[in-house]
Amino acid sequence: MASIGPTTQGAHGIWSSHDDEARLTRRIDEDDRWAPFTACAVDAYADIERRSGIAFHEPVGGLTAARPGGDGKNGDPMPFLASDSSPGKLWEPGDRGWKDRWPRLEFPATHTVHFDPAPAGLIRPKRMIAAQEALTKKAGGRLIDDVVGSIAPLATGEHQITTNDGTIVDAAKVVVATGAFANTLGLLPQPADITVKTEIIILGEVSAADADDLGSYPTVLHQIDPDRIDDIYMTPPRTFPDGRCCIKLGANTDLDTWPTDLEEMQRWFGSETDADYLPLLQPALEALWPDVGFLSVRTKPCVVTYTPDHFPLIEEVQLGVFVATAGNGAGAKGADAWGAAAAELVLNNRSA
């Protein structure tokens with residue numbers, strides 16, 4: 001999952017992956033390690049929505065377009081998608097049948113196209129967080145909206161958490177789930193084994209008419225032939241906090257860097273990225289939507305957190321201190337299950 005932020009510094013210079021309006025989701029997963037967590041999380045969406053009264057899952061389906069054999073950098077996902085037991089639909093290269101359902105999208109004739117139906121689609125991260133917080137309160141949990149400044153061990157074996165505004169909380173066990181900032185805030189006894197990569201999204205603003213017409217289109221994963229960008233992901237138009245309705249597209253680029261400290265990450269999130277990244281991403285966005293007249297286009301800086309084995313890091317790093325981080329670019333859809341895994345580790349661990 002990528003952390004995303006505005007183009008100006010936030011109040012504390014810290015950003016998180018749920019500060020976004022749409023993230024891709026689907027139940028199926030090619031990685032056998034990820035699949036149970038993804039399925040568990042997606043299957044739980046409806047119950048979380050029901051119990052919280054907050055809707056966040058929009059099962060519009062998902063399209064994948066890829067060249068047979070892969071794009072030279074990423075493997076071909078179609079053998080897995082075609083063999084999966086989900087009731088998906090596949091169109092071979094040259095078969096433009098998918099155009100009957102989504103006439104305003106465009107993919108190269110060289111690509112296979114696969115449609116993954118509901119529950120694939122998108123989640124609204126801010127709404128999902130609101131739903132989880134509502135259930136936390138119902139369960140008797142306490143929410144403190146502040147930045148943690150320190151975690152200190154106490155002689156009692158507990159840990160004292162101090163926030164920036166001076167709030168102090170004593171806890172028997174602590175989970176540090178600070179995403180890409182896990183190694184930059186001094187909260188862990190030793191650095192977690194993660195790396196952080198910069199990433200960019202482009203937001204293409206559409207008219208009210210186009211927003212209405214395209215709002216039920218599926219999400220997209222597109223293996224564009226690698227040049228300066230690759231591995232596109234895209235969501236249909238949704239309304240952003242500034243009132244603009246935008247299609248979101250992200251991709252890897254040859255300008256991506258690997259920040260290692262807080263200053264570098266804050267500088268990245270506070271940077272103006274349009275001049276460097278619009279020439280890379282705008283043509284790809286317009287190629288996918290050839291008849292959409294975008295009212296405006298702009299970019300936003302993001303980061304992705306990786307582990308060496310490309311699997312989320314959830315472990316005890318010190319007596320009573322746990323870390324849960326690194327979505328490896330795909331963690332949003334299964335976030336609730338990863339949180340449950342961290343909670344289970346804490347509850348079942350008798351070290352504190």
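Guide: A salt bridge here is a side-chain nitrogen of Lys or Arg within 4 Å of a carboxyl oxygen of Asp or Glu. By that rule, Glu21, Glu58, Arg124, Lys126 and Arg238 are linked in a network of salt bridges.
Visitor: What should I know about the numbers before I go on?
Guide: This is a predicted model: local features need pLDDT of at least 70, side-chain atom pairs count only at pLDDT 80 or more, and totals for chains, interfaces and linings use all residues. Residues are numbered from 1 along each chain as its sequence is written, and side-chain values use heavy atoms, with hydrogens and water left out.
Visitor: Fine. How many salt bridges are there in the whole structure?
Guide: The search finds 23. One of the pairs is glutamate 21 with arginine 124, whose closest N and O atoms are 3.3 Å apart. Glutamate 21 sits in the loop between strand S1 (2-4) and strand S2 (23-25), arginine 124 in the loop between S7 and H3, and the two are 103 residues apart. Helices (H or I, at least four residues) and strands (E, at least two) are DSSP runs, numbered from the N terminus.
Visitor: Is arginine 124 buried or exposed?
Guide: Buried, at 6% relative accessible area; glutamate 21 is buried too, at 11%. The cut-offs are under 20% for buried, over 50% for exposed and partly exposed in between, with a 1.4 Å probe and protein chains only.
Visitor: And what is arginine 124 in contact with?
Guide: Setting aside neighbours within four places in sequence, arginine 124 touches Glu21, Phe56, Glu58, Arg238 and Thr239. Contact means heavy atoms within 4.5 Å.
Visitor: OK, switching to rings. How many aromatic pairs?
Guide: There are 14. Rings of Phe, Tyr and Trp (its six-membered ring) pair if their centres lie within 6.5 Å; planes under 30 degrees apart are stacked, over 60 edge-to-face, and the rest tilted. Among the pairs, phenylalanine 37 and phenylalanine 311 are edge-to-face, 6.1 Å centre to centre with 70° between the planes.
Visitor: Which parts does that pair tie together?
Guide: Phenylalanine 37 is in helix H1 (residues 35-52) and phenylalanine 311 in the loop between strand S16 (296-306) and strand S17 (313-318), so the pair joins parts 274 residues apart in sequence. Phenylalanine 37 is partly exposed at 26%, while phenylalanine 311 is buried at 19%.
Visitor: Which residues form the cluster?
Guide: Trp34, Phe37, Phe311 and Trp338 make up one aromatic cluster.
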